[in-house]
Amino acid sequence: MRDAVTSLIQNYDLAGRYFDRDAIDNLKYYFSSGTARVEAAVAINADAAAIVKQAGLNLFDELPELIRPGGNAYTTRRYAACLRDMDYYLRYATYAIVAGNTNVLDERVLQGLRETYNSLNVPISPTVRGIQIMKDIVKEKVVEAGITDTSFVAQPFDYMTSELSEKDI
Ligand SMILES: CCC1=C(C)/C(=C/C2=NC(=C\c3[nH]c(/C=C4\NC(=O)[C@H](C)[C@H]4CC)c(C)c3CCC(=O)O)/C(CCC(=O)O)=C2C)NC1=O
């Protein structure tokens, strides 16, 4: 699992190069946004259950067929599995926000996920929509918490949706 610093070091070491201007700019951005990243994670953690619940309600409001007979989130068990997945996405997004890197998402969340979803007929595009809805709620929460630098909030959510959509949409 890598963060912004270890991944930069790995890349430059592989090339046998000293840090160049790009690397330094990257590092400066990572460190200057560090406190805001941690504060954002704190704000999300404090409200995680409510964020997941709201995202689920919005998603099912928008796509009610998901929770009707024949829908993949129909039945209490599958409804709960869907919200649990949303909770995974949120928790891992906070790790990625703090790490300043999406590597944790590759290793812990996305590996094999599309195959699992396909084998269980979990529809990808509504899942992607759910992650995007959650991103918007999280952005609001972070702003409400008084964090002014929110430039890093969207990235993990956008990364998960683009990786998930890659082959199936
Ligand atoms: C931490 C990394 C991690 C992830 C991401 C993860 C996802 C994950 N979601 C699953 C199921 C599921 N996922 C959903 C999700 C949904 N259905 C919908 O219609 C909605 C669009 C969507 C919610 C937004 C559902 C309903 C199931 C149960 C499917 C079934 O068993 O029929 C399963 C199958 C096993 C199980 O039910 O627990 C996995 C592995 N597991 C992990 O360990």
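What separates tyrosine 92 and tyrosine 95 in helix H5? Being three residues apart, tyrosine 92 and tyrosine 95 are separated by about one helical turn. The model is predicted: local features need pLDDT of at least 70, side-chain atom pairs count only at pLDDT 80 or more, and totals for chains, interfaces and linings use all residues. Residues are numbered from 1 along each chain as its sequence is written, and side-chain values use heavy atoms, with hydrogens and water left out.

**Aromatic pairs**

- A search of the whole structure finds four aromatic pairs (ring centres of Phe, Tyr and Trp, the last by its six-membered ring, within 6.5 Å; planes under 30 degrees apart are stacked, over 60 edge-to-face, the rest tilted).
- One of them joins phenylalanine 60 and tyrosine 79, with centres 4.9 Å apart and planes at 35°, so this pair is tilted.
- This pair links distant parts of the chain, 19 residues apart: phenylalanine 60 is in helix H4 (residues 48–62) and tyrosine 79 in helix H5 (residues 76–99) (helices are DSSP runs of H or I, at least four residues, numbered from the N terminus).
- Tyrosine 92 and tyrosine 95 have ring centres 5.2 Å apart and planes at 85°, so their pair is edge-to-face.

**Accessibility of the paired residues**

- Phenylalanine 60 is buried at 6% relative accessibility, whereas tyrosine 79 is partly exposed at 29% (buried is under 20% relative accessible area, exposed over 50%, partly exposed in between, with a 1.4 Å probe and protein chains only).
- Tyrosine 92 is buried at 15%, and tyrosine 95 is partly exposed at 39%.

**Phenylalanine 19**

- Phenylalanine 19 lies in the loop between helix H1 (4–15) and helix H2 (21–32).
- Its relative accessibility is 37%, so phenylalanine 19 counts as partly exposed.

How values were computed. Helices (H or I, at least four residues) and strands (E, at least two) are DSSP runs, numbered from the N terminus.
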